[in-house]
Amino acid sequence: MANSMSEQLQQDMECEGLLECIHGLKQLDKECFRAMVESDEPLTIDEVAERVDRERSTAYRSIQRLLQSGFIQKEQVNYDQGGYYHVYYPTDPTQISNDMQRMLNDWYAKMGQLIQEFEDKYEHVEDTPTVAEG
């Protein structure tokens with residue numbers, strides 16, 4: 001991933017790059033998300049782990065990041081004889097897009113504020129001499 005904004009603008013990005021760029025998700029997170037999107041029904045953690053060929057605990061951590069970022073949903077399934085388990089499925093893409101657009105708008109407003117603060121702080125600096133005159 002590029003470090004600066006100018007580097008990010010120069011590199012070729014795919015839409016999945018938004019997962020990393022906006023939410024800081026990792027490659028495994030993208031793989032787990034893709035596995036859920038490609039499934040016709042919600043998946044358990046064990047099923048996700050199998051599809052991405054990782055240990056259950058590793059898949060679990062990735063799924064927690066996806067839940068936290070709002071990319072997937074969790075649903076409890078109850079057994080008839082008692083007990084339950086959870087299944088996971090992707091959030092509606094329109095909702096994800098709206099959330100990312102809102103986050104981008106917030107970021108844009110914050111950057112505009114910081115740019116204005118920069119200008120206010122340094123606009124009078126050019127009036128003061130920087131080199132001692134001899």
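Close-up 1. Asp 99 counts as partly exposed because its relative accessibility is 30%, where partly exposed lies between buried (under 20% relative accessible area) and exposed (over 50%), with a 1.4 Å probe and protein chains only. The side chain of Asp 99 meets that of Arg 102 in a salt bridge (2.5 Å, N to O), a term that requires a side-chain nitrogen of Lys or Arg within 4 Å of a carboxyl oxygen of Asp or Glu. The two residues are three apart in helix H6 and are therefore separated by about one helical turn; helices are DSSP runs (H or I, at least four residues), numbered from the N terminus. This is a predicted model, in which local features need pLDDT of at least 70 and side-chain atom pairs count only at pLDDT 80 or more, while totals for chains, interfaces and linings use all residues. Residues are numbered from 1 along each chain as its sequence is written, and side-chain values use heavy atoms, with hydrogens and water left out.

**Close-up 2. The salt bridge of Asp 29 and Arg 65.** The closest N and O atoms of this pair are 2.9 Å apart. Because Asp 29 lies in helix H3 and Arg 65 in helix H5, the bridge ties together parts that are 36 residues apart in sequence. Asp 29 is buried, with a relative accessible area of 0%, whereas Arg 65 is partly exposed at 25%.

**Close-up 3. The salt bridge of Arg 56 and Asp 46.** Here the closest N and O atoms are 2.8 Å apart, and the pair ties together helix H5, which holds Arg 56, and helix H4, which holds Asp 46.
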